[in-house]
Amino acid sequence: MDRALYVAANAATLALRAQAANSNNLANATTTGFRAEMVASEAMPLSDARQYSRVHEAGFSAADGAIQHTGNPLHVAMQGDHYLEVLGPDGEAAYTRAGDLRLNANGQLLNGAGHPVMGVNGPIALPPHQSAAIGSDGTISIVPEGSAGGTLVQIGRLSVMEIAPQDLQRGADGLLRLAEDAVANPAVGDALQTGAVEGANVNTAESLVKMIELARQFELNVNLMRSVDENAAAGSRLLRRG
């Protein structure tokens, strides 16, 4: 009895953890540059020869999201295995595919989530200007305020890195960070599509089906635990009568 209860409780826990990740993916289906979380389970042998399954993060989906053309000159969509470097909440370098860039009141370049965008020489801030544009290689140009000729002046370059997806780890804040001993290489040539952003790579229909499947798995194992408990109680009553 205890083994059946143990297995059912473990399976229900796994379904609950997978459901949490799936629900988070669905909640971010419209978040720019979001990378879907993936989970997996593995068997953990115990001393009494039973197998305990443990859920662990299996990384993130590196599939491309849909490109959404916005026409905003500060918006960029990464191409290939390219990632935009930003400053994470911990003050350390992090990477993202969210290219919905904007300027704050101080002229600092931020992404939609409010993370400072890094350039090759540190966080980027634009001086007063009439207009600004970002090139497909990450160069940032402006027409300075008061310029009569409207000539573009290059003032910096986005820190866009080429990183293999397996060399990145997804944090709880949704940002990506380099795995231990992994290396990020500066992008060369055209790495961006300007005037556009990349949407989340969450397959909404697939995630909805998965939600129903996981809910049924959880319910099945809860019912199994209830049945085991009822059988144990019935067995105890029979022993007392005997």
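Hi everyone. Before we start, residues are numbered from 1 along each chain as its sequence is written. Because the model is predicted, local features need pLDDT of at least 70 and side-chain atom pairs count only at pLDDT 80 or more, while totals for chains, interfaces and linings use all residues, and side-chain values use heavy atoms, with hydrogens and water left out.

Let's begin with helix α2, residues 204-241. Helices here are DSSP runs of H or I with at least four residues, strands are runs of E with at least two, and both are numbered from the N terminus. Helix α2 has 38 residues and reaches 56 Å from its first C-alpha to its last, close to the 56 Å expected at 1.5 Å a residue; that expected span is 1.5 Å times one less than the number of residues.

Which residues of α2 are buried? They include S207, L214, N221 and V228. Buried means under 20% relative accessible area, exposed means over 50%, and partly exposed is in between, using a 1.4 Å probe and protein chains only.

Now look at E37, in strand β1, residues 37-45. Is E37 buried or exposed? E37 counts as buried because its relative accessibility is 11%. Its side chain also makes a polar contact with the side chain of R17, at 3.2 Å. A polar contact is a pair of N or O atoms within 3.5 Å; within protein, one must be able to donate a hydrogen and the other to accept it, and residues adjacent in sequence count only if both atoms are side-chain atoms.

Next, strands. Two strands pair if DSSP finds at least two bridges between them. Strands β5 (residues 82-87) and β6 (residues 93-96) are antiparallel and share four bridges, and L84 has T96 in β6 as its bridge partner. Together β5 and β6 form a hairpin with five residues between them, and G91 in the turn has a positive phi of about 80°.

Finally, find the open sheet of three strands, in the order β11-β12-β13, with antiparallel pairing. Its edge strands are β11 (129-134) and β13 (153-157), each pairing on one side only.
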